[in-house]
Amino acid sequence: MSLKITGIGIVLMVEVQEEATYVRHHKKKIAFLFSAMRHHAETLRRAGWCVDYVTLDAPNNSGSFTGEVERAIVTCKPDKVLVTEPGEWRVRAAMETWESQFNVPVTILEDDRFIATHAEFQTWAEGRKQLRMEYFYRDMRRKTGLLMDGDQPAGGKWNYDSENRKPAKADLFMPTPLRQAPDEITVEVLDLVAQRFDNHFGDLTPFWFGVTTEQANAALDRFIETALPKFGDYQDAMLEGEKFLYHSLISFYINAGLLDPLEACRRVEAAYEAGAAPLNAAEGFIRQILGWREYMRGIYWAKMPEYAELNFFGHDRPLPGWFWTGDTRMACLRHAIGQTLEHAYAHHIQRLMVTGNFALLAGVDPDAVDAWYLGVYIDAVEWVEITNTRGMSQFADGGIVGTKPYVASANYMKKMGPYCAGCKYKASEKTGPDSCPFNSLYWHFYDRNRDLLAKNPRIGMAYRTWDKMAPEKRAAILETATHHLNNLESL
């Protein structure tokens, strides 16, 4: 934020305990953000800006945004305060009180790290009964000209998602994301995080993320050169022992402002046009940023704060403790949570179809699921986390974001990854204590929510299959599911 004094502009940057602890943020996430902030402060100083940077351990640090703004106003006596819109509704709500609280003009500027403005999204959404990402995405393609041949999409189709669902095999060549050594500033931050947040989730080291614009661009270069060509084919795949596959690992750089989202899309488009990547890969990448990222942000600001209270199914079970430790006998969950502990990262299918799928089938309170996802992933900011979690993953919004709940039995896990082969539970069995919990919980979910879901046209096949089962088979499945639900902590 900027404090404007007559003839002078002071950039205020603060590290505060409140923001680092309101959920149990991963240690690597805290370190990444603090280090990126400190590096950016140095960049601003070299460019001639006056920067007032308050470190977490600075004397008299009040521990909150509002407290540090108040201290700076008392000290500097600015004519006005300029601040960019934050990524969380609660922070914006606090900012809107500052003008009256401190008797200083406060201007909240629009965040220009996005391609669509709030006004553009509102104009698009106005009058629509359903806000579907696909149609918003097409308008964004037209606006930017990305992957367009005149007024038609490149290749004749808007969406190549149907070509992007291949399971991966262990003999594929796997590129590795760029690993960047911590410099002196980052080492200092790592020491601070180790001391102040030792009880937080996850491993702090090894720390290999970039923390500057230059490093973020180098990471994007590596992805385009080594992983983009097969990103489309295998973006939904899971492979034991391979944590990154062909994913870009740049979402946190974009969300932190180290990469420009439109520029990243244009560089991927250029790779396609140069013949260095197929269309399904380029389109799949661009859709995630130009479509999904922008759409989720639009939904967030259009629907908050009420969105954070939505609980369509009335789920209220606590999150199993092993979500924080990875200590479960279910191999797919153990792997996804384990790599999250290690890297503060799991790709979108692991989040949606492994951890999210289980939480939804088990009826976990969406508040607890939100807090977990917001804390454990390095790219999690509430505007993107809650719409993906409470919306797409948990269907707690009743269909604002997605058209149906994303739930699956062990068949999906077996198709998209090799976890089932080494699991304690048997993917082929639907009943009994050794059966995969996903199987019985899948049918239990549909059975208990029939009144809410039966009229959904995308779910009819599931209910027809359930109804065709013999009564004794259905009873055995529900009995097994009840056993699993009563023993979630020991699964």
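Close-up 1. Trp372 is buried, with a relative accessible area of 1%; buried means under 20%, exposed over 50% and partly exposed in between (1.4 Å probe, protein chains only). Keep in mind that this is a predicted model: local features need pLDDT of at least 70, side-chain atom pairs count only at pLDDT 80 or more, and totals for chains, interfaces and linings use all residues. Residues are numbered from 1 along each chain as its sequence is written, and side-chain values use heavy atoms, with hydrogens and water left out. Phe323 is buried too, at a relative accessible area of 1%. The rings of Phe323 and Trp372 have their centres 5.1 Å apart and their planes at 80°, so this is an edge-to-face pair. For the rule behind that name, rings of Phe, Tyr and Trp (its six-membered ring) pair if their centres lie within 6.5 Å; planes under 30 degrees apart are stacked, over 60 edge-to-face, and the rest tilted. The pair links distant parts of the chain, with Phe323 in the loop between H12 and H13 and Trp372 in helix H15, 49 residues apart. Helices here are DSSP runs (H or I, at least four residues), numbered from the N terminus.

**Close-up 2. Phe313 meets Phe395.** By this rule there are 34 aromatic pairs. In the one shown here, the ring centres of Phe313 and Phe395 are 6.1 Å apart and the planes sit at 35°, so the pair is tilted. Phe313 lies in the loop between H12 and helix H13 (331-343), and Phe395 in the loop between H16 and helix H17 (410-416), so the pair ties together parts 82 residues apart in sequence. Both rings belong to one aromatic cluster, which also includes Tyr442, Trp443 and Trp466.

**Close-up 3**

Close-up 4. The whole structure has 21 salt bridges. Arg142 forms one with Asp139, the closest N and O atoms being 2.8 Å apart. Both lie in helix H6 (residues 133-144), three residues apart, or about one turn of the helix. Elsewhere, Glu85, Arg92, Glu96 and Arg297 are linked in a network of salt bridges.

**Close-up 5. Arg90 between Glu88 and Tyr22.** The side chains of Glu88 and Arg90 meet in a salt bridge of 3.0 Å, N to O. The charged end of Arg90 also sits over the ring of Tyr22, 3.7 Å from its centre; to count, NZ of Lys or CZ of Arg must be within 6 Å of the ring centre and within 35 degrees of the ring normal.

**Close-up 6. Leu228 in the largest nonpolar core.** This core has 141 residues, and Leu228 is among those with the most contacts inside it. A nonpolar core is a set of buried Ala, Val, Leu, Ile, Met, Phe, Trp, Tyr and Cys residues joined through side-chain atoms within 4.5 Å. Helix H12 (residues 279-303) gives the most to this core, with 12 residues.

Definitions and conventions. A salt bridge is a side-chain nitrogen of Lys or Arg within 4 Å of a carboxyl oxygen of Asp or Glu. Helices (H or I, at least four residues) and strands (E, at least two) are DSSP runs, numbered from the N terminus.
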